[in-house]
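Please find below a short note on the structure.

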Amino acid sequence: MAEKRATHQRARDAAQERVRQTARSARERGREIRCAALDMPWARCAPARLARETILSGFFAPAMAWYVKRRIEGREVFAGMRPPVVFVANHSSHMDTPAILRALPRPWRQRTAVAAAADYFYRKRWVAAAVSLLFSTVPISRRGGGMDKGAADHLHRLLRQRWNLLLYPEGTRSRNGSRGKLHSGAAVLAAAHDVAIVPIYVSGTREAMPPGRSWPRRLTAGMIFRRHPIAIRFGPPIRPQDGEHRNETMARVQAWFNAQEGGDHNGTAAPPRSTTAPADDRPVAAVGSR
C-alpha cells in the first residue's frame, strides 16, 4: 500500500512539474512575441535616417576620434555586394555599434538596423526611443527559441524590405576579451531570405570602453594621453548552402573569426579564442547588454 501511494505521489509530482514547465514556456513565448511589438518603425523613416546620419557624422565621429585611432580593413567587399545582408560581429563594448556603423559605407549605414536586447534597451520607453533613433535598433529576445512562431517577424520583414541587419551572435558583451559561442539565428535569417552573412571583426574597443563604463577613455602614459587603436575588419560574404544545417553555416563564420584572432592587424594582442561549440539554437543576439 505504501509503495502504491509513493507511485501515485511521484506521478502527481511529475504532472505538476509538466504544468509548471508549460506555464513557464507560455510566459516566455508571450515575452518573445511581444518583443516584435516593441519595435519603433518611425526610427527608419527618412527624417529619422537624416537625423541619425547627422548625429553619427557630426557628434560620434569627432567624439570617437578624440579617444580612438581607427583602422578599417576589407571595405572592398562592398564593391561586389548588393543589400540586404546579415552582418555579424564579435562584441566586447558598447562602442562596437557606433564604430561599425561609422565604418560602413554611407549607403549601407543608412539601411542597416541593429539588433538590440529587448530586456536591456527596451525596458524603458525613452531609452528604447533613444537607441532606436541613434542606432536604428530593433528589439530581439535573448532567451531561447526566439527565431520561430512570430518572435522574429519584424526581422524577416526588414530583410524583405532590403534592410541589412547587424547582429551580435554571442548574445552579450565579452567580459574578459574571449569570444563566446556564436548562436545560430543569423544563419536562420540568412537561409530564409537567401542572403549572405558578412562577418565583422572588431578589436580594441574593449580597451577604450570596457563593460561598466558609460564613456570611452584615453590611453595614459605618465602625463601623455594617447588614443586607443581600434580596428574594424570586414570579411568575405558567407552564404548558407543548400542542405547545410545552420550550425554548419555558423561554424564557417566562426572559422573566419578564429583566423582573425590568430594575429591582430592593429598591433594589439589577440584575445583568447573561444573553446565552446560553434553554435546552438538560441536566438540571434544584441547590440549591447550587461
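Which element supplies the largest share of the lining of the largest pocket? The points below, which concern a predicted model, begin with this matter.

1. Largest pocket. Helix α6 supplies the largest share of the lining, with six residues. At least two residues each come from α2, α3 (96-103), α5 (118-121) and α6. The space in this pocket amounts to about 520 Å³. Its lining comprises 23 residues, and Phe-60, His-94, Phe-135, Met-209 and Ser-214 are those that lie nearest the centre. By class, the lining has 19 nonpolar, three polar and one charged residues.

2. Packing of α2 and α6. Two packed helices are described by the angle between their axes and the distance between the axes. Helix α2 (residues 46-67) packs with helix α6 (residues 125-135) at an angle of about 80°, and the axes are 7 Å apart. Since angles of 65 to 115 degrees count as roughly perpendicular, α2 and α6 are therefore roughly perpendicular to each other. On the α2 side, the contact is made by Ala-48, Ala-51, Arg-52, Ile-55, Leu-56 and Phe-60, and on the α6 side by Ser-132, Leu-133, Leu-134 and Phe-135. The residues of this contact divide into eight nonpolar, one polar and one charged.

3. The structure contains one cavity of 30 Å³ or more. About 80 Å³ of space lies in the largest cavity. Arg-49, Arg-52, Glu-53, Leu-56, Leu-101, Arg-109, Gln-110, Thr-112, Phe-135 and Ser-136 line the largest cavity. Helix α2 gives the largest share of this lining, namely four residues. The lining divides into three nonpolar, three polar and four charged residues. Arg-52, Leu-56 and Phe-135 belong both to this lining and to the contact of α2 with α6.

4. Positive phi at Ser-136. Most residues other than glycine have a negative phi, and most peptide bonds are trans. Ser-136, although not a glycine, has a positive phi of about 55°. This residue is located in the loop between α6 and β4 (137-140). Is Ser-136 buried or exposed? Its relative accessibility is 1%, so Ser-136 counts as buried. Ser-136 is also one of the residues that line the largest cavity.

5. Positive phi at Asp-194. Asp-194 likewise is not a glycine, and its phi is positive, near 55°. The residue lies in the loop between α8 (185-193) and β6 (197-203), just after α8. Its relative accessibility is 59%, and Asp-194 therefore counts as exposed.

6. Surroundings of α8. The buried residues of α8 are Gly-185, Ala-186, Ala-187, Val-188, Leu-189 and Ala-190. Against which elements do they pack? The partners of these buried residues are β2, α7 (153-160), β5 (164-167), β6 and α10 (246-261).

7. Cis peptide bond. The bond from Pro-83 to Pro-84 is cis, and its omega is near 5°. Pro-84 is placed in the loop between β1 (68-73) and β2 (86-89).

8. Overall composition. The protein chain has ten helices and nine strands. Of its 290 residues, 49% count as buried. Among contacts in the chain with a separation of 6 or more, 81% are accounted for by residues 24 or more positions apart.

Definitions and conventions:
Residues are numbered from 1 along each chain as its sequence is written. This is a predicted model: local features need pLDDT of at least 70, side-chain atom pairs count only at pLDDT 80 or more; totals for chains, interfaces and linings use all residues. Side-chain values use heavy atoms; hydrogens and water are left out. Axes are lines fitted to C-alpha atoms, for helices over the stretch in contact, and angles run from 0 to 180 degrees between N-to-C directions. Angles under 35 degrees count as roughly parallel, over 145 as roughly antiparallel, 65 to 115 as roughly perpendicular and the rest as oblique. Contact means heavy atoms within 4.5 Å. Ala, Val, Leu, Ile, Met, Phe, Trp, Tyr, Cys and Pro count as nonpolar, Asp, Glu, Lys and Arg as charged, and the others, Gly among them, as polar. On a 1 Å grid over the protein atoms alone, a cavity is a set of points where a 1.4 Å probe fits but cannot get out, and a pocket is an open set with protein on both sides within 12 Å along at least five of seven lines; lining residues have an atom within 4 Å of a point. Grid points are joined across faces, edges and corners, and a volume is the space filled by probe spheres set on the points. Buried means under 20% relative accessible area, exposed over 50%, partly exposed in between (1.4 Å probe, protein chains only).
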